[in-house]
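Hi everyone, thanks for making time. I'd like to walk you through one protein today, so please have a look at it with me.

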Amino acid sequence: MAAPLAIGLFLAGCATVDTGSNGNSPSANEPVTRAPNGQRLPSYRLPGNIPLSDIGVASTSVPPVASLAAPADLWERIRRGFAMTDLDNDLVRDQERWYATRPDYIQRMTERSSRYLFHIVEEIERRNMPMELALLPFIESAFNPQAVSSARAAGMWQFMPATGQSFDLKQNVFRDDRRDVLASTRAALDYLQQLHRRFGDWHLALAAYNWGQGNVNRAITNNQRLGLPTGYLDLNMPLETRTYVPKLQAVKNIMARPQAYNATLPLIGNHPFFDTVTLDRDIDVAVIARLAEVSEADFRALNPSLKQPVVMAAGTPNILLPWDNAVIFQNKLLTHTGPLASWTAWVVPATMTVAQAAERVGMSESELRDVNNIPPRMSLRAGSSLLVPRTGQRNSDVPLHVADNAQLNLQPEMVLRRSVVKARKGDNLARLAQRYGLSAVSVAGWNKLAVNAALKPGQRVTLMLPKRVSLATSGSSPGKKVAASGTRKVAKSAGQPTKAKAVAKKKTTKAVASSSAKTRVASSAKSDKKQP
């Protein structure tokens with residue numbers, strides 16, 4: 001039933017054919033094509049008396065097919081991607097001579113680059129950026145991810161702390177992402193693209209990378225005000241920035257034609273050096289190295305952002321391993337038994353000495369200082385994050401907010417001495433503590449009393465006070481303190497000028513500290529002096 005209906009609809013919609021003719025109409029034997037509405041349509045049939053043209057053969061030239069051969073090595077791949085305008089001046093030639101006379105330096109930095117260069121090239125190609133930028137770490141750090149400048153720039157790409165933070169490179173006591181291979185490369189290329197969009201020129205973008213975009217922008221504005229050109233070579237800039245692009249140009253020339261500069265480049269294959277492995281648990285660096293069958297030094301060369309002997313999965317979920325060793329690690333991890341991590345993080349609950357913190361976490365003071373890089377004569381402020389051994393009560397992985405934001409907040413230690421005072425009439429523990437600028441909780445703890453305990457007149461109360469401060473006498477006014485004997489000798493020196501006496505008295509008064517500044521009792525002062 002459906003088939004006949006479809007055929008009927010088709011025929012109804014087709015044009016009708018009229019065989020009649022008159023005037024310019026088709027002949028009686030020629031069908032006339034009409035639209036569904038009855039309108040005559042023009043005929044496209046050629047007259048029979050016009051012969052058809054001969055079919056000719058056109059001559060065509062086919063362009064040669066581009067070679068699809070892969071680059072012989074990574075250097076050839078880099079050369080194919082060069083796209084920046086070349087500089088050719090005396091500054092470039094000076095830099096060429098500098099590098100050419102140091103073949104050992106070229107050898108060291110190119111060998112060091114072999115771990116990281118493939119990844120950088122891949123990222124630059126993916127972003128369609130000029131391949132000269134892959135050579136920039138040669139200028140910035142000689143491809144040393146642990147490099148730190150005198151201005152505190154760090155990593156292969158030499159990020160300053162503030163600039164690193166603006167590109168989400170975490171910097172804390174557990175890691176520094178300015179040194180991370182993947183994170184710093186992502187941030188550097190993001191930054192360079194941002195600078196290129198702003199200035200519209202790669203040479204100016206590089207100048208801004210070195211000197212700061214605000215400085216370059218001001219230099220351009222000054223030239224515009226004076227009617228001068230605003231290209232890289234036209235701006236007034238520091239010598240370091242003036243030679244920055246020429247250095248890159250010199251390295252580019254050497255990499256493009258190493259034989260012309262008597263340079264030998266190590267073979268770097270056009271394939272990945274490392275693979276990325278994702279972790280879901282904290283794991284010691286030593287355990288990773290053992291399972292992956294690599295040395296700890298080689299592991300840290302690929303993961304230079306790590307400062308501690310443990311990888312915290314919450315903050316560093318991805319690690320890099322040599323390509324083949326990544327497979328070995330993953331296979332061995334599946335069958336591994338026993339603990340993965342022997343370290344965790346502990347957040348200091350209240351301001352305390354390093355000795356007190358060490359006692360809390362079951363470590364020696366020297367070990368706690370060494371592991372967490374705590375300098376001598378410094379105490380820990382509340383909220384500091386420390387790396388400590390795992391125990392039965394402290395055996396969890398480090399949470400994300402600690403792994404990402406851990407800080408070590410220190411304050412100078414002050415040596416305390418044990419002193420005994422007598423309570424006055426109407427004193428309670430809180431009032432007495434306030435008189436000496438101490439915490440009532442601390443005084444209560446030292447004397448095993450309640451915080452609001454009432455005190456009898458003349459009752460003896462133990463206090464821990466800074467060594468250079470003596471106690472107020474029972475008859476003195478509240479808050480009045482006098483210098484300790486050692487300080488009084490200085491104040492009574494007959495030959496000391498009046499101004500010096502005033503300074504000595506001022507220093508003595510400043511020695512009075514609140515309970516938050518207390519750090520160490522006098523009995524432990526001798527051990528402090530042995531600290532380096």
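This is a predicted model: local features need pLDDT of at least 70, side-chain atom pairs count only at pLDDT 80 or more; totals for chains, interfaces and linings use all residues.

Residues are numbered from 1 along each chain as its sequence is written, and side-chain values use heavy atoms, with hydrogens and water left out.

Let's start with the whole thing. The protein has 23 helices and 13 strands; these are DSSP runs, H or I of at least four residues for helices and E of at least two for strands, numbered from the N terminus. Of its 532 residues, 43% are buried. Buried here means under 20% relative accessible area, exposed means over 50%, and partly exposed is in between, with a 1.4 Å probe and protein chains only. The exposed surface comes to about 29,800 Å², and carbon and sulfur atoms supply 53% of that; the areas come from the Shrake-Rupley method with a 1.4 Å probe, and for residues only the protein chains shown count as cover. If you take contacts between residues at least 6 apart in sequence, 66% of them join residues at least 24 apart. By contact I mean heavy atoms within 4.5 Å.

Now, the inside. Which residues have the most contacts inside the largest nonpolar core? That core has 68 residues, and the answer is Ile78, Leu117, Trp157, Phe159, Leu192, Leu206 and Tyr209. Helix α8, residues 181–199, gives the most to this core, with nine residues. For the term itself, a nonpolar core is a set of buried Ala, Val, Leu, Ile, Met, Phe, Trp, Tyr and Cys residues joined through side-chain atoms within 4.5 Å. Take Leu192 as a way in: leaving aside neighbours within four places in sequence, Leu192 is in contact with Met129, Leu133, Leu136, Trp202, Ala205, Leu206 and Tyr209. Apart from this core lies another one, of 24 residues, with Phe174, Ala341, Ala357 and Ala358 among them.

On to the helix pairs. Two packed helices are described by the angle between their axes and the distance between the axes. The axes are lines fitted to C-alpha atoms, for helices over the stretch in contact, and angles run from 0 to 180 degrees between N-to-C directions.

First up are α9, residues 202–211, and α10, residues 213–225: their axes come within 7 Å and cross at roughly 125°. That makes α9 oblique to α10. The cut-offs are under 35 degrees for roughly parallel, over 145 for roughly antiparallel, 65 to 115 for roughly perpendicular, and oblique for the rest. From α9, Leu204, Ala207, Ala208 and Trp211 meet Gln213, Asn215, Val216, Ala219 and Ile220 of α10. By class, this contact has seven nonpolar, two polar and no charged residues. In that scheme Ala, Val, Leu, Ile, Met, Phe, Trp, Tyr, Cys and Pro are nonpolar, Asp, Glu, Lys and Arg are charged, and the others, Gly among them, are polar.

Stay with Ile220 for a moment. At 11% relative accessibility, Ile220 counts as buried. Ile220 touches Phe199, Leu204, Thr230 and Leu235, not counting residues up to four places away in sequence. Ile220 and Leu235 are 15 residues apart in sequence and 6.7 Å apart in space, C-alpha to C-alpha.

The other pair is α16, residues 354–361, with α17, residues 365–372; here the axes come within 8 Å and cross at roughly 100°. α16 and α17 are therefore roughly perpendicular to each other. Val354, Ala355, Ala357, Ala358 and Val361 in α16 meet Glu365, Leu368 and Arg369 in α17. This contact has six nonpolar, no polar and two charged residues.

Let me finish with some single residues. Beyond four places in sequence, Arg127 touches Arg186, Leu189, Asp190 and Gln193.

Next, backbone angles. Most residues other than glycine have a negative phi. Phe143, in the loop between α6 and α7 (161–166), has a positive phi near 60°, and Phe143 is buried, with a relative accessible area of 0%. Asp168, in the loop between α7 and α8, also has a positive phi near 60°.
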